[in-house]
Amino acid sequence: MLLSIDDIHASYSGIRALDGVSLHIAKGEMVALIGPNGAGKSTLLNCISGIVTPTAGSIKVEGVELVRKPARAISRMGVLQSPEGRQVLPDMSVLENLMVGANALHGRAPTHDLGDVYRLFPILDERREQMAGSLSGGQQQMLAIGRALMGGPNILLLDEPSLGLAPVIVQQVFDALARLRQDGMTILLVEQNARKALQFSDRAYVIEHGRVVTQGSSSELAHNDDILAHYMGTGGH
Amino acid sequence: MFLQQVVNGLIIGGVYALFALGFTLIFGIHKIMNLAHGGIFMTGAFIGLYSVQAGLPIWVAFILAMIGAGLVSVIIEVTAFRRLRQSGEVEFSALISSIGANLVLVSIAQILSRTQVLRFPFDTFPIIIFSFWGLRVSALQLAIALLALVLVGVMSWYLYKTAFGRQVRAVAQNERAALLSGIRPGAIYFQTFMLSGMLAGAAGVLVGLAFNSIHFMMGDPFLLRGFVVVILGGLGSVAGALVASLGFGVLQTLSIAYLSASLSDIIIFGLLFVVLLLRPNGLFGKDEAGVLRGRR
């Protein structure tokens with residue numbers, strides 16, 4: 001297993017966000033984490049990235065324990081997140097944002113160079129000198145993913161990449177993810193757009209109230225109308 | 001002698017720029033209004049003076065003052081700001097904390113100097129006057145202009161052209177995103193406070209030399225002028241602080257030369273209000289949304 005999460009508990013501001021979540025991802029897998037708003041999906045990603053410290057449990061990447069490691073050390077190991085709301089650096093150019101992403105390499109060999117990122121997202125090449133704050137939401141999302149790629153990811157954590165994007169842009173972003181997956185990238189995808197997430201991933205976990213309520217292959221889950229109706233609500237079309 | 005006054009003003013403006021840039025750097029990046037900046041500036045002047053009195057040449061004293069003031073700035077970061085930052089709401093509490101840090105520095109200097117005005121020895125800096133195009137410029141003035149130019153240039157290059165500077169700006173714009181890219185904010189805070197303190201220390205020695213007066217309260221008027229320069233230029237804007245500093249220096253010198261010293265502050269603060277009425281975010285300030293985004 002590339003990523004092994006075992007019985008993780010976490011809370012913030014006195015609210016219990018994760019209540020014993022276990023999740024495993026093999027190298028080269030694309031796994032979706034779906035569930036309603038407030039289920040604890042983002043908290044789990046932030047536990048992996050070291051931004052939230054779990055109260056109990058274990059998170060291992062290639063056997064190395066991540067819990068209680070500082071966030072910068074985790075990103076330098078190649079556990080890289082494209083955070084919710086993109087979080088691009090607004091007053092820096094597209095190129096500079098990508099170069100900031102390369103900081104996470106910290107001596108490791110890169111997996112993607114600027115050319116690779118520009119081939120994946122040609123619009124970023126066109127806008128390379130433009131300030132990131134002036135990009136559209138979709139372009140910012142592409143930049144956030146590109147920035148993570150520049151850091152040489154062993155595993156890519158994506159938090160709501162489709163949030164607030166027009167359907168045609170969502171399709172572009174997911175097409176890029178499909179290409180990354182084809183090239184062997186390990187991806188953990190957090191999504192509210194359940195249909196899209198299930199369509200593109202190998203396996204999926206459904207979490208609610210901080211617990212895994214069901215899991216399985218994405219194609220099976222995608223055909224389970226009960227699950228879609230019950231857990232996804234208006235999840236996507 | 002209008003041109004002569006302009007030249008004098010530009011040179012004083014260069015010193016303001018050194019002072020203001022360090023101040024705006026901390027505000028722009030860490031959103032901390034560091035009211036101890038005047039104290040750090042004064043500390044630099046004292047270190048320079050004591051080094052010269054200990055028999056060191058002025059250029060060594062200058063370097064020691066920069067390093068010393070930089071370290072004092074870092075110590076203030078660690079003792080007065082770091083814990084507050086971890087608690088979240090840093091802006092107001094850091095303001096109060098920085099007033100406390102300033103009081104500590106000023107009190108130490110007051111005790112050391114026994115509340116007296118100190119001076120560099122007469123021959124600290126060779127007195128050479130250059131005359132050209134009807135202007136008279138001293139070697140000290142040239143040195144000040146040159147140093148200000150070089151230091152401001154080096155700092156801009158560092159911030160905007162190096163990988164380190166890119167990390168600094170990344171932390172300034174989004175600390176969490178920087179963290180997710182493997183940047184260590186603690187190291188950035190160390191660098192920016194060191195840099196800011198070094199610029200203040202350099203300004204302290206230059207002011208001590210230029211006005212031949214070093215005393216424990218010397219930071220206060222500079223802090224006030226630093227505020228004006230930083231607000232005129234646009235909070236956090238390096239280019240704005242530079243232009244506003246030079247303009248401030250020239251305006252101050254001209255109003256003292258042609259009107260009266262007591263009018264100079266009225267003119268300068270009057271101008272500040274006019275600029276703020278017309279451009280609420282300063283000459284080089286960001287648009288409204290940009291300022292809000294910067295504060296979020």
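Student: Which residues line the second largest cavity?

Tutor: Since this is a predicted model, everything here is computed from modelled atoms. In chain B, H1 and H8 are the elements that give two or more residues to the lining of this second largest cavity. The cavity itself has a volume of about 30 Å³, and the residues that line it are Ile12(B), Val15(B), Tyr16(B), Val207(B), Ala210(B), Phe211(B) and Phe222(B).

Student: How many nonpolar, polar and charged residues does the lining of the second largest cavity have?

Tutor: Tyr16(B) and Ala210(B) are among the lining residues, and both Tyr and Ala count as nonpolar in the classes used here. Taken by class, the lining of the second largest cavity has no charged residues, no polar residues and 7 nonpolar ones.

Student: What is the volume of the largest cavity?

Tutor: The structure holds 2 cavities of 30 Å³ or more. The lining of the largest cavity includes Leu80(A) and Arg147(A) as well as Ala177(B) and Leu180(B), and the elements that give two or more residues to this lining are strand E6 (79-82) and helix H6 (137-150) of chain A, together with helix H7 (175-180) of chain B. By class, the lining divides into 6 nonpolar, 3 polar and 1 charged residues. The volume of the largest cavity is about 60 Å³.

Student: Turning to the second largest pocket, which residues lie nearest its centre?

Tutor: About 620 Å³ of space lies in this second largest pocket, and helix H1 (2-30), helix H5 (139-161), helix H8 (185-211), helix H9 (219-233) and H10 of chain B each supply at least two residues of its lining. By class, that lining has 22 nonpolar, 9 polar and 1 charged residues. Of the 32 residues that line the second largest pocket, those nearest its centre are Val207(B), Leu209(B), Ala210(B), Phe211(B) and Asn212(B).

Student: On the surface, is Leu259(B) buried or exposed?

Tutor: Leu259(B) lies in the loop of chain B between helix H10 (238-258) and helix H11 (261-278). Together with Met1(B), Phe2(B), Tyr258(B), Leu263(B) and Ile266(B), Leu259(B) forms a nonpolar surface patch that has about 670 Å² of accessible area in total. Because the relative accessible area of Leu259(B) is 53% and the cut-off is over 50%, Leu259(B) counts as exposed.

Notes:
Residues are numbered from 1 along each chain as its sequence is written. Chains are lettered from A and ligands numbered from 1 in the order in which they are written. This is a predicted model: local features need pLDDT of at least 70, side-chain atom pairs count only at pLDDT 80 or more; totals for chains, interfaces and linings use all residues. Side-chain values use heavy atoms; hydrogens and water are left out. Patches are made of residues with over 30% relative accessible area and no salt bridge: like charges are joined within 9 Å, nonpolar side chains (Val, Leu, Ile, Met, Phe, Trp, Tyr) within 5 Å. Accessible areas come from the Shrake-Rupley method with a 1.4 Å probe; for residues, only the protein chains shown count as cover. A salt bridge is a side-chain nitrogen of Lys or Arg within 4 Å of a carboxyl oxygen of Asp or Glu. Helices (H or I, at least four residues) and strands (E, at least two) are DSSP runs, numbered from the N terminus. Buried means under 20% relative accessible area, exposed over 50%, partly exposed in between (1.4 Å probe, protein chains only). On a 1 Å grid over the protein atoms alone, a cavity is a set of points where a 1.4 Å probe fits but cannot get out, and a pocket is an open set with protein on both sides within 12 Å along at least five of seven lines; lining residues have an atom within 4 Å of a point. Grid points are joined across faces, edges and corners, and a volume is the space filled by probe spheres set on the points.
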